[in-house]
There are 2 protein chains.
Amino acid sequence: VVAVLVCPDSFKGSLTAAQATAAIAAGVLESGLDRAEILRCPLADGGEGSLGLIAERWDVPLEQTKTEDPLGRPHTARWAFLPDDERAVIELAEASGLPLVQDLPLRVLDAHTRGTGRLISDALSRGARSITLCLGGSATVDGGVGIAHALGARFLDGEGEELPPTPRSLGEIAAIDLSRVVPEAFEAEWSLLVDVTNPLTGPQGAAAVFGPQKGASPEEVALLEAGLASLAGLLRELTGRDASGLPGAGAAGGAALVLHAVFGAEIVGGAEHLGLLVGLPELMARADVVFTGEARLDGQSGGGKVVSHVSDLAASVAEPPPVVCLAGEVLCTPAELRGLGLTAAFSIANGAQTLEALMNEAAPGLRSVAANATRSLLALSGDRPKR
Amino acid sequence: VVAVLVCPDSFKGSLTAAQATAAIAAGVLESGLDRAEILRCPLADGGEGSLGLIAERWDVPLEQTKTEDPLGRPHTARWAFLPDDERAVIELAEASGLPLVQDLPLRVLDAHTRGTGRLISDALSRGARSITLCLGGSATVDGGVGIAHALGARFLDGEGEELPPTPRSLGEIAAIDLSRVVPEAFEAEWSLLVDVTNPLTGPQGAAAVFGPQKGASPEEVALLEAGLASLAGLLRELTGRDASGLPGAGAAGGAALVLHAVFGAEIVGGAEHLGLLVGLPELMARADVVFTGEARLDGQSGGGKVVSHVSDLAASVAEPPPVVCLAGEVLCTPAELRGLGLTAAFSIANGAQTLEALMNEAAPGLRSVAANATRSLLALSGDRPKR
C-alpha cells in the first residue's frame with residue numbers, strides 16, 4: 001500500500017483547499033495505482049479560508065457573535081470553538097477586515113480591531129483557554145489597541161484621560177491601565193498566525209507596506225509609523241516585551257504589538273500552526289508520497305506559506321517522502337524548486353489557455369495532472385501502476 | 001547510471017526534433033540526477049522533417065537533383081543517400097508537395113508525381129538499392145503514375161495511345177507498358193512511409209479526404225475516385241497485386257497504388273521505419289526511462305505516429321521502461337493515455353499562456369518540465385535525485 005498525503009492550500013479564486021484535495025485525490029485514484037491509501041489534509045496559511053478549514057476538519061459548527069466592524073458599526077462575525085482543545089480559532093478579517101468597510105471612503109486613522117476583541121472576549125467567556133488568531137486581511141493599523149480595549153484595557157494620555165482605541169491615538173498614549181482586563185485573557189495561550197515576515201516598523205513595516213492599501217496617505221503613513229514606534233517604546237518600558245523586532249509583527253496593522261507585550265502572544269507561521277491543529281505531522285510520518293499545491297508557485301513562496309511548510313516538514317521526517325507541488329502557475333526555475341525542497345512542480349495547464357479557462361477548469365486540470373504525476377512517481381518503484 | 005532515452009517528434013511550428021531532444025536532455029541534466037546517460041534519438045514519422053533528421057543522424061550532406069514540380073516546371077529537390085546502406089531517403093513533398101504549386105490556382109487533375117520519380121531514377125543510377133519514400137504533403141492524386149512514368153512505364157488507352165501520366169488519365173488507362181522501365185526499379189526494395197491509415201478509395205480514401213485540400217471540386221473528387229478504382233482493377237489483373245485494401249494506401253494521392261503493384265513497394269509506418277533506420281530499437285533495449293514528445297497529444301494519436309510507436313516499442317522489450325510524453329498540448333484523458341501505453345503526459349505550459357507564447361517558449365518550457373518529470377520518475381527509485 002502506498003500512502004499518498006494530499007495537503008494543498010486553497011487555489012485562490014477557484015478552489016477551496018478541500019476542493020483541491022478532492023480533485024488531487026480523484027487523480028491519484030484514477031492513476032491505476034492498485035493499493036493507495038489517501039491521507040486527505042487540506043491546509044491553509046492563516047489567511048482566508050482558515051476558519052472554514054478548521055471547522056470542517058473538527059466537524060464543529062461556526063459560532064456567530066454580534067460584534068462591530070472596524071468603524072464600530074454592528075456586525076455579526078463567525079469563529080470556531082474546538083471544545084476538546086478548549087481552543088478558539090478566530091480570523092481577524094471576520095470582524096476587522098478590509099471588505100467590511102469598503103462601502104465607505106477608507107478612514108485608516110479611525111479603523112480599529114475592537115470587533116475582533118469582542119469575539120475573543122466571547123470566546124474566553126465560553127471557556128476558551130487557547131486563542132488561535134489568524135492575522136491578515138485587516139482594515140486596521142492600530143497595533144492591537146482595539147482588541148486590548150475590548151478585553152478591558154484603557155489607554156491614557158499624559159493627563160490620565162482615556163483615549164479612543166484607534167490608530168489616531170497611538171502617538172498620544174502615555175500610560176496603559178490593565179486593572180480591568182478580564183483575567184482569562186492573561187491566562188490564555190495566544191497564537192498569532194502570520195504568512196508574512198514583515199517587521200512592525202520601518203520600510204517593510206505595517207504602515208509603510210500595508211498602510212496605503214488600507215487608505216493611508218503618505219502623511220498618515222508617517223503618523224501611523226510614529227504612533228506604532230511610540231507605543232512599542234512604552235510597552236517595552238511597562239512589560240519588558242517588545243514585538244517590534246519580531247518577524248511577522250507587521251501583520252494585520254501591528255496587532256501583535258499590544259498582544260505580545262500584554263498577553264505574551266506568540267507570532268507563529270500560519271501553515272505550521274494550522275498544520276499542527278489538523279494533525280499534519282502524524283500524517284507526514286506515514287506518507288510515502290506527498291502532493292501539495294497552491295494557485296501560484298513562485299521562487300519567493302516561503303515563510304509561513306503552505307507549500308514551503310509542507311516541504312520543510314517532509315524534510316524533517318526520518319525517510320523524507322518526495323513532495324510534488326501542483327499549481328495553477330509554476331513560475332520558478334528548477335534551481336528555485338530545489339531551494340524550496342520540492343521534488344517537482346507541475347502546472348495544471350494542459351496547453352494554451354486563458355487565465356479564466358485555467359481557473360474555470362482548475363478541478364479537472366488538477367485531477368489530470370495528479371494522475372500523471374502519481375504514475376510518474378511510482379513508475380520505477382515497487383508499486384508501479386498498471387500500464 | 002540511469003539511461004534516459006530522449007526520442008521526441010518535432011514540435012510542429014516551434015522546434016525540430018533535434019531541438020526538442022536538446023531541450024529535454026538539458027532538463028534531464030538540470031534535474032540533479034547524478035549519473036545519467038542520455039541516449040539522444042530525435043524521430044520523425046515520415047512527414048516534414050524526416051529528410052533532415054536522417055541526413056543529420058547519418059551525417060550525410062543532402063543531395064540536390066534537378067527535377068520538376070507537380071505541374072512540370074523546373075525544380076531542384078533534395079534527398080539523402082546513405083552509402084553504407086545503399087539506401088535513398090526521399091520525401092515526396094520535396095518534388096511533389098503542395099507548397100510548390102501554391103503560387104497558381106490549384107489544378108488537381110494535372111498535378112503529378114513525375115518529379116519524385118526523377119529523384120528516384122537519379123538515386124537508382126547512383127547505386128541505391130533501397131528506396132525509403134516518405135509520403136505526405138503531396139499536391140497530387142495520381143495513384144503513382146507520375147513516379148512510374150519517370151522510371152520508364154507507359155500508360156496506354158484502349159487504342160494503344162500513350163496517355164499523359166496525370167490524374168486526368170487515370171480512368172482511361174487500359175494497358176501499361178513496363179518494357180522500358182529501368183531494371184534497378186524492379187530490383188530495389190521499396191518502403192513507402194505513411195503516418196495515416198486511410199485506404200485508397202471510399203469515403204476515407206485519397207480523393208474524398210485529401211482531394212479537397214489539393215483543390216478538387218466535388219466533381220473532380222468523383223472523377224479521381226473512379227480513376228483510382230479503375231486503375232486498381234487493371235493492376236490487379238496485370239500483376240495480381242492490389243494496394244486498395246491496404247491501410248495507408250490513401251496517403252499522398254494513392255502513390256502506393258502503382259508502386260505496390262509494379263515494384264512490390266511495402267507500405268510501412270513512418271515512425272517505425274525511421275526508428276529502425278536511426279537505431280531506436282537498440283537504444284530502447286538499454287533505456288531505463290523514455291521521454292518522447294510532440295506538439296499536440298490527443299487521444300487519437302496513433303497509427304504511424306512517433307509517440308505511439310515509441311510506446312509500442314517500449315512495451316515490447318523485456319523490462320518495459322516508463323514512457324513519458326512531453327507535449328505542447330495534452331488533450332487526452334488518463335484513460336486515453338493508458339490506451340496509448342504512456343506512463344504519463346505533461347504539457348510544457350506553466351500557467352495561462354497564449355498559443356504564441358507557448359510556441360515561442362517551447363524550448364525552455366520543455367527543459368523545465370523534463371527536469372520536473374525526471375525528478376518525479378526517479379524520486380522513489382534507487383537513483384533518487386538530490387533534494
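**Exercise 1. Is A:Asp59 buried or exposed, going by its relative accessible area?**

*Solution.* Before we start, keep in mind that this is a predicted model.

Step 1: find the residue. A:Asp59 sits in the loop that links α2 to β3 (63-68) of chain A, just after α2.

Step 2: apply the cut-off. A residue is called exposed when its relative accessible area is over 50%. A:Asp59 has 68%, so A:Asp59 is exposed.

Step 3: look at the backbone. A:Asp59 has a phi near 55°, which is positive although the residue is not a glycine.

**Exercise 2. Work out which residues of helix α2 of chain A are buried, and what they pack against.**

*Solution.* Step 1: take the helix, residues 50-58, and pick out the buried positions. These are A:Ser50, A:Leu51, A:Leu53, A:Ile54 and A:Ala55.

Step 1: list the partners. Among the helices of chain A, the buried residues of α2 meet α1 (17-30), α3 (92-96) and α10 (270-278). The strands they pack against are β4 (74-82), β5 (87-91) and β6 (130-134).

**Exercise 3. Find another positive phi, this time in chain B, and describe its surroundings.**

*Solution.* Step 1: go to B:Ala252, a residue other than glycine with phi near 50°.

Step 1: place B:Ala252 in the fold. The loop between α8 (218-239) and α9 (256-263) of chain B holds this alanine.

Step 2: check the cover. Buried means under 20% relative accessible area. With 7%, B:Ala252 therefore counts as buried, whereas A:Asp59 from the opening exercise is exposed.

**Exercise 4. How many of the 11 residues of helix α12 of chain B are buried?**

*Solution.* Step 1: count along residues 306-316. The answer is 8, and the helix is mostly covered.

Step 1: name them. They are B:Val306, B:Val307, B:Ser308, B:His309, B:Val310, B:Ser311, B:Leu313 and B:Ala314.

Step 2: see what they touch. Their packing partners in chain B are the helices α10 (270-277) and α11 (280-286), together with the strands β11 (289-298) and β12 (323-331).

**Exercise 5. Locate A:Pro322 and decide how accessible this proline is.**

*Solution.* Step 1: in chain A, the loop running between α12 (306-316) and β12 (323-331) contains A:Pro322.

Step 1: its relative accessibility is 1%, so A:Pro322 counts as buried.

Step 2: A:Asn198 lies 124 residues from A:Pro322 along the chain, and their C-alpha atoms are 31 Å apart.

**Exercise 6. Sketch chain A as a whole: its make-up, dimensions, surface and confidence.**

*Solution.* Step 1: count the elements. Chain A contains 15 helices and 13 strands.

Step 1: Along the principal axes, the C-alpha atoms fill a box of roughly 80 × 45 × 35 Å.

Step 2: look inside. Of the 387 residues, 58% count as buried. Among contacts with a separation of 6 or more, 72% join residues 24 or more positions apart.

Step 3: Chain A carries 28 positive and 48 negative charges, and their mean positions are 6 Å apart.

Step 4: check the confidence. Chain A has an average pLDDT of 93, and 97% of the residues score at least 70. For the complex, the predictor gives an ipTM of 0.85 and a pTM of 0.87.

Technical notes. Residues are numbered from 1 along each chain as its sequence is written. Chains are lettered from A and ligands numbered from 1 in the order in which they are written. This is a predicted model: local features need pLDDT of at least 70, side-chain atom pairs count only at pLDDT 80 or more; totals for chains, interfaces and linings use all residues. Side-chain values use heavy atoms; hydrogens and water are left out. Helices (H or I, at least four residues) and strands (E, at least two) are DSSP runs, numbered from the N terminus. Buried means under 20% relative accessible area, exposed over 50%, partly exposed in between (1.4 Å probe, protein chains only). Contact means heavy atoms within 4.5 Å. Accessible areas come from the Shrake-Rupley method with a 1.4 Å probe; for residues, only the protein chains shown count as cover. Lys and Arg count as positive and Asp and Glu as negative; His and the chain ends are not counted. The place of a charge is taken as NZ of Lys, CZ of Arg, CG of Asp or CD of Glu. pLDDT is the predictor's confidence in each residue, from 0 to 100.
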